[in-house]
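This report concerns a single protein chain. The sequence and coordinates are displayed below for reference.

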Amino acid sequence: ELVIKAPYPNKQTVVGEKTFQALPYFFNISNINQLNINWEVNGAKTTNESDRPDIFDLVLSTQGEVAEGASVGIKAFAQNIANQFEFAQNYINLNLR
C-alpha cells in the first residue's frame with residue numbers, strides 16, 4: 001500500500017510551494033532508498049529534485065498550466081528495486097482556491 005501524505009484540509013490549497021510524501025506500507029524494505037518512486041502531476045511524469053525519493057515538492061502558481069479554481073492530480077508509484085512484483089500506487093486530487 002502507498003499513501004500520499006498531503007496535509008491540506010478538504011484537499012484544498014492555495015498557490016505556492018507544496019510538499020508531498022509517499023508513505024509505503026507492507027513493503028519488504030529496510031530503507032526508503034530501496035524503492036523506486038515516481039511522481040506524476042496531471043498525468044505527466046515529473047523529475048523529483050529531492051534527495052529523498054519519497055518527498056516531492058511542487059510549486060503551484062496561477063500562471064501557466066494551473067489557475068485558481070483548477071484541480072491538480074498528484075500520483076505516486078513505488079516499486080521495490082529488489083522485487084519488481086512488489087509495487088503500489090496512489091492518486092490524490094487537490095483543488096486550488
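## Model and confidence

The structure is a predicted model. The mean pLDDT of the protein chain is 89, and 93% of the residues reach a score of at least 70.

Among the elements of the chain, confidence is highest in strand β1 (residues 2-5), with a mean pLDDT of 96. The lowest mean, 86, belongs to strand β2 (residues 12-13).

## The three-stranded sheet

Three strands form an open sheet in the order β1-β3-β6, and their pairing is antiparallel. Strands β1 and β6 (55-60) lie at the edges, each pairing on one side only. Direction ignored, neighbouring strands of this sheet are turned against each other by 25 degrees on average.

Strand β1 is joined to strand β3 (residues 16-24) by four bridges, and the two run antiparallel. Within this pairing, Leu2 has Pro24 of β3 as its bridge partner, while Val3 stands opposite Leu23 in β3. The pairing of β3 with β6 is likewise antiparallel and comprises six bridges. In that case, Thr19 has Asp57 of β6 as its bridge partner.

## The nonpolar core

The largest nonpolar core contains 21 residues. Those touching the most other members are Phe20, Trp39, Leu58, Val72 and Ile74. Two or more residues are contributed to this core by each of β1, β3, β4 (35-41), β6, β7 (71-80) and β8 (83-96). As a general background, nonpolar side chains in soluble globular proteins tend to be buried together.

Ile74, one of the core residues with the most contacts to other members, is located in strand β7. Its relative accessibility is 0%, so Ile74 counts as buried. The C-alpha atoms of Ile74 and Asn42 are 6.5 Å apart in space, although the two residues are 32 positions apart in sequence.

## Aromatic contacts

Across the whole structure, a search finds five aromatic pairs. In the pair of Tyr25 and Phe26, the ring centres are 6.4 Å apart and the planes stand at 50 degrees, so the arrangement is classed as tilted.

One aromatic cluster is made up of Tyr8, Phe20, Trp39 and Phe56. Of its members, Phe20 and Trp39 are also among the core residues that touch the most other members.

## A buried aspartate

Which loop holds Asp54? Asp54 is placed in the loop between β5 (44-45) and β6. With a relative accessible area of 3%, Asp54 is buried, because the class covers values under 20%.

The side chain of Asp54 has a polar partner: it makes a polar contact with the side chain of Gln21, at 3.1 Å.

How values were computed: Residues are numbered from 1 along each chain as its sequence is written. This is a predicted model: local features need pLDDT of at least 70, side-chain atom pairs count only at pLDDT 80 or more; totals for chains, interfaces and linings use all residues. Side-chain values use heavy atoms; hydrogens and water are left out. pLDDT is the predictor's confidence in each residue, from 0 to 100. Two strands pair if DSSP finds at least two bridges between them. Axes are lines fitted to C-alpha atoms, for helices over the stretch in contact, and angles run from 0 to 180 degrees between N-to-C directions. A nonpolar core is a set of buried Ala, Val, Leu, Ile, Met, Phe, Trp, Tyr and Cys residues joined through side-chain atoms within 4.5 Å. Buried means under 20% relative accessible area, exposed over 50%, partly exposed in between (1.4 Å probe, protein chains only). Rings of Phe, Tyr and Trp (its six-membered ring) pair if their centres lie within 6.5 Å; planes under 30 degrees apart count as stacked, over 60 as edge-to-face and the rest as tilted. A polar contact is a pair of N or O atoms within 3.5 Å; within protein, one must be able to donate a hydrogen and the other to accept it, and residues adjacent in sequence count only if both atoms are side-chain atoms.
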